[in-house]
Amino acid sequence: MRTSEVLRSSVFSALVALATLGAVGQAMAFDDKVFDDKTGVKPQSSPWAVFQFGFSAYKSGHKDQAVEAYKYAAENGQIGATWKLARMYAEGDGVTRDDYAAFKFFSEIVDQDVEPGSPEESYVSDALVALGDYLRKGIPGTPVEENDVAAQEYYMRAAANYRNPNAQFEIGRMFLKGEGGVKASVKQAGRWLQLAAEKGHAGAQATLGNLLFQSGKVVRGLAMMTAALERAPPADQPWIRNMQEEAFAAAGEADRRTAISLADDILTKGNNGDQ
């Protein structure tokens, strides 16, 4: 019995080794077609193949090769490569962070003629929001100055044309505060926040909950803020927690208990508690 187990183990190990060598051989053959370690991307390479190579290089940790491949693919019409470059420069991922370089790459994307519903619309939608974020604050030491009106226009394009929940949330906040050249309107803010909340945007859900709380719908508002806090990404948790804790401190004990129960129901059933 032991001999047969050893034999099976040896055969299995040999098969794994052969499969691994085969995969490596295929990867090397693919790499050789479009990329050379010394000279970089080979002339006349397919932009799509280079984009694929860049993605593979990025995943394997060779981000310097990925950047070179993405640049070639981007210059030859691959919008996904331009988006990857923009994100890498925006986050300092494999390159020195450079918000102005990211801004220019995002700008190239939104200048593309991409129709809503096309496979590439997510790149344009994301780029519009990124440009709005940059223009909201400006980029120090560059020609990109703070311009909340221009930011609102980018957000609106993403919100209205591509139904981007992050853009819808930002538009909602602008209507709440009367920023970006729009007149303050709780009704308009609620409309945009609702659209984002229905797509699962935790910030929009929390802000809507706070509006409900302020309008006298204490239990439902508290419940929405509590559920949103549980769903929120780490970056949004501090401000949502502050909002939720301030509301809880102002509510009565009975309303708190009921709100906690409703929040559990919202999280379990996946609704927003705004029916």
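**A note on the largest pocket**

1. Let's start with what lines the largest pocket: ten nonpolar, five polar and eleven charged residues. Here Ala, Val, Leu, Ile, Met, Phe, Trp, Tyr, Cys and Pro count as nonpolar, Asp, Glu, Lys and Arg as charged, and the others, Gly among them, as polar.

2. Bear in mind that this is a predicted model, where local features need pLDDT of at least 70 and side-chain atom pairs count only at pLDDT 80 or more, while totals for chains, interfaces and linings use all residues. Numbering runs from 1 along each chain as its sequence is written, and side-chain values use heavy atoms, with hydrogens and water left out.

3. In total, 26 residues line this pocket, and Val-129, Asp-133, Lys-137, Tyr-155 and Glu-170 lie nearest its centre. A pocket is an open set of points on a 1 Å grid over the protein atoms alone, where a 1.4 Å probe fits, with protein on both sides within 12 Å along at least five of seven lines; lining residues have an atom within 4 Å of a point.

4. Which helix gives the largest share of the lining? That's α6, with seven residues. Helices α4 (79–91), α5 (99–110), α6 (121–137) and α8 (165–177) each supply at least two. Helices are DSSP runs (H or I, at least four residues), numbered from the N terminus.

5. Why does the pocket lie between two domains? Domain 1 (41–146) and domain 2 (200–269) both give residues to the lining, so the pocket sits between them. The domain bounds come from an automatic or database domain assignment.

6. Stepping back to the whole chain, buried residues (under 20% relative accessible area, 1.4 Å probe, protein chains only) make up 42% of its 275 residues.

Definitions and conventions. Buried means under 20% relative accessible area, exposed over 50%, partly exposed in between (1.4 Å probe, protein chains only).
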